[in-house]
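Here is a short report on a predicted model.

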Amino acid sequence: MSKLDKSKINAYVFYTFASSVGVVVPLNYLNIFMTENLGYSAALMGTTLLIPRIIDFVVGLLAGGIIEKSRLKWGKFRSWIMIFRFVVFAGCAVLFLNTSALPVGTKMLITILGYVMLHCSMNFLQTAQFGILSVMAGADMEDRNTLSIRSGQAAAASMILTSMITLPFIEFLTPIVGNSNAYLIAAALFAAVFFIGCTVLGRAAAPYDLPRSKEEVKNVPTATVKDMINSVVTNKQLLIYILSSSLFYVGMMLFAGITAYYFMYVLGNFLLMSVSMTATTVFSLVASIIGPKMGMKLGKKNAMVVGLFIYAAGSIGIALFAKNSLIIFIILSCVNGLGMYFFQGFGPNYVIDTGEYGFYKTGKDNRAVAMGMMNMPMKIGMMVGGSLGGYGLQMIGYTAGMVPTAEFVSKFMLLLGGVPAIFYIVAAIIMLVGYKISDEDAAMYAKANAEKMLQSKSPSVV
């Protein structure tokens, strides 16, 4: 079977790099922009963002099904890349408009609009990206893994680059255009990189995700809403993966949500957070190279199980040994990053495999629905893990500006490392016991499904 040439691989990888660059300003700086530049109170900011996050979650549930039922002229997956590149660019810009002089209600509506434009579009774009991976690589598992692993490395590289240049760039622009406009320009320029990435991927995918003629579109059977719902709730392997991955993200978002308090109240120096982030981000590039190689030897299932247990061990180590040492915290955080890349390097191939499994078992092609579920674990993690962090801080007696006691610090370290470790361990056990798709099975399902589609002359994926 022929392999993808380097130009196609590089186009796919560049899209991942560009998408990571494109959303870095909204993901990392929106909160501070809302409070410091637009005059939002913390409570108003939380309320304003809660509304579009609920909308985003609902759209995320529906995106895969909408893509599965749609028959657009530029291809099943490529069409969404071509359309939503414009919406993402506009959404990034809208989020950083200077609305400080507008009435509160109008200001909220503009922020909600920008958030919905960006994040709801990303639900379709990410699902389309995973679909393009499957059509470009076909049933070749090696090509699928190559695209996924290289993409993980590109994302890690973009994190290093953006962590180095974003704030200095904003600070450079501020004396020239003002702070609010500096954020807007940075967001727009980074989003322009994403726009270019979408264009590059759209062109590279064109020979694989072909437009359909009117007659082909007319004759293509579409799944009913009931079929799409059943394709998720009856696909036990998909549900196992979603549950395990969701628990992982709950633990990770709980940790991420309260990490700043570790530097402020445990180590007593908030600026050390930038030192830690720089060190762990640089190591993440190394981990993105080493981790997937170990994962390939273990296989996708075992890579996730082992990676989750490593993550749990590192988190327990943080709870027990990092109370007085930034060095230990950084080392164990790097251990966690390495464990994560054991399985994160495979990226969407988990949901692609479960989609192939569902098609093979039922004869109904709802693979795009399965791929659309890839985003759900992170969204669940953000909602649940973020909330648990706040509730946990309240339970252990945190108040703003407090002088930490030895008892508070001990409880906090358990919250920071011990509680997330429980989620990682349960996630690993669920994956170990419940997930049954071996790499050999996945290859067999993909090959059989490709032959089935060829025989039926259907224009669907793979």
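## Nonpolar cores

The largest nonpolar core has 54 residues. Val25, Ile81, Phe96, Leu125, Ile132 and Leu147 touch the most other members. A nonpolar core here is a set of buried Ala, Val, Leu, Ile, Met, Phe, Trp, Tyr and Cys residues joined through side-chain atoms within 4.5 Å. Buried means under 20% relative accessible area, exposed over 50%, and partly exposed in between, with a 1.4 Å probe and protein chains only. Two or more residues each come from H1, helix H2 (24–36), helix H3 (42–69), helix H4 (78–95), H5, helix H6 (141–177) and helix H7 (179–205). H5 gives the most, with twelve residues. Helices are DSSP runs (H or I, at least four residues) and strands are E runs of at least two, numbered from the N terminus.

Leucine 125 is in contact (heavy atoms within 4.5 Å) with Tyr15, Trp80, Ile81, Phe84, Val88 and Phe194, leaving aside neighbours within four places in sequence. A second, separate core has 40 residues, among them Met373, Ile430, Ala442 and Tyr445.

## The H1–H5 pair

How do H1 and H5 cross? The axes of H1 (residues 6–22) and H5 (residues 104–137) come within 12 Å and cross at roughly 165 degrees. Axes are lines fitted to C-alpha atoms, for helices over the stretch in contact, and angles run from 0 to 180 degrees between N-to-C directions. The two helices are therefore roughly antiparallel, a label for angles over 145 degrees. The crossing of H1 and H5 is left-handed: the near helix is turned anticlockwise from the far one by less than a right angle.

From H1, Lys8, Tyr12, Tyr15 and Thr16 meet Leu125, Gln129, Phe130, Ile132, Leu133 and Met136 of H5. This contact has seven nonpolar, two polar and one charged residues. Ala, Val, Leu, Ile, Met, Phe, Trp, Tyr, Cys and Pro count as nonpolar; Asp, Glu, Lys and Arg as charged; the others, Gly among them, as polar.

## Aspartate 56

Aspartate 56 lies in helix H3. Its relative accessibility is 6%, so aspartate 56 counts as buried. Aspartate 56 touches His119, Cys120, Asn123 and Lys379, not counting residues up to four places away in sequence.

## Whole chain

The chain has 18 helices and zero strands. Of its 462 residues, 53% are buried. Among contacts with a separation of 6 or more, 84% join residues 24 or more positions apart.

## Basis

Local features need pLDDT of at least 70, side-chain atom pairs count only at pLDDT 80 or more, and totals for chains, interfaces and linings use all residues. Residues are numbered from 1 along each chain as its sequence is written, and side-chain values use heavy atoms, with hydrogens and water left out.

Definitions and conventions: Angles under 35 degrees count as roughly parallel, over 145 as roughly antiparallel, 65 to 115 as roughly perpendicular and the rest as oblique.
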